[in-house]
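Me: Can you take me through the charged pairs and the strand pairing in this one? Here is the entry.

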Amino acid sequence: ENSIRVNHDDGSYSMMDKDGIMRYDSGTGRKYHHLTKIIKFVCGGDGQAPATRWIPIGSEFNGLDWEASLSISDSLQASSNEATIHRIVLTQTPGENPRYRNGQWEMPVMGYTTYYNLETDSRRYGDVAGIMIVTA
């Protein structure tokens, strides 16, 4: 095969071939393909409860050992001037695992902002903006 392989002192190696760059980490046994993708999204609830949003990560990760990390980028606008932020959540939906659909993997994401209105003693779910960082 036409490739370049560099062996590292710890038993790990890096390789470049027609499929791109790959690193094998002997400490973890994982292969990294030096592929990273940033996906921006908004998710939330219907005002009453949080909901799951299935976010496609792209077919370029098919067949690879990939991981996804989530980060909050904005709490978005409150429903009124009297509402204050009570809680912000962004996580993989509890009890759900990634699924393969329409030729690519999708991550189940649950994210929301809870607003509390002191005047009416009520809580309301709102949207949250986030980013997903997918690496393989």
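This is a predicted model: local features need pLDDT of at least 70, side-chain atom pairs count only at pLDDT 80 or more; totals for chains, interfaces and linings use all residues.

Me: Which residues are linked in a network?

Reply: R30, D65 and E67 are linked by salt bridges.

Me: What are the N and O distances for R30 with E67?

Reply: The closest N and O atoms of R30 and E67 are 2.8 Å apart. R30 lies in strand β4 and E67 in strand β7, so this pair ties together parts that are 37 residues apart in sequence. Strands here are DSSP runs (E, at least two residues), numbered from the N terminus.

Me: And D65 with R30?

Reply: For D65 and R30 the closest N and O atoms are 3.0 Å apart. D65 sits in the loop between β6 (52-56) and β7 (67-74), while R30 is in β4 (residues 30-32), so the pair ties together parts 35 residues apart in sequence.

Me: Is R30 buried or exposed?

Reply: R30 is buried, at 15% relative accessibility. Buried means under 20% relative accessible area, exposed over 50%, and partly exposed in between, with a 1.4 Å probe and protein chains only.

Me: Which residue does E106 bridge to?

Reply: E106 forms a salt bridge with R99, with the closest N and O atoms 2.7 Å apart. E106 is buried at 7% relative accessibility, and R99 is partly exposed at 27%.

Me: Switching to the sheet. What is the strand order?

Reply: An open sheet of 4 strands runs in the order β1-β2-β3-β4, with antiparallel pairing. Its edge strands are β1 (4-7) and β4, each pairing on one side only. Two strands count as paired if DSSP finds at least two bridges between them.

Me: How many bridges join β3 to β4?

Reply: Strand β3 (residues 20-25) and β4 are joined by 3 bridges and run antiparallel.

Me: What stands opposite R30?

Reply: D25 stands opposite R30 of β4.

Notes
Residues are numbered from 1 along each chain as its sequence is written. Side-chain values use heavy atoms; hydrogens and water are left out. A salt bridge is a side-chain nitrogen of Lys or Arg within 4 Å of a carboxyl oxygen of Asp or Glu.
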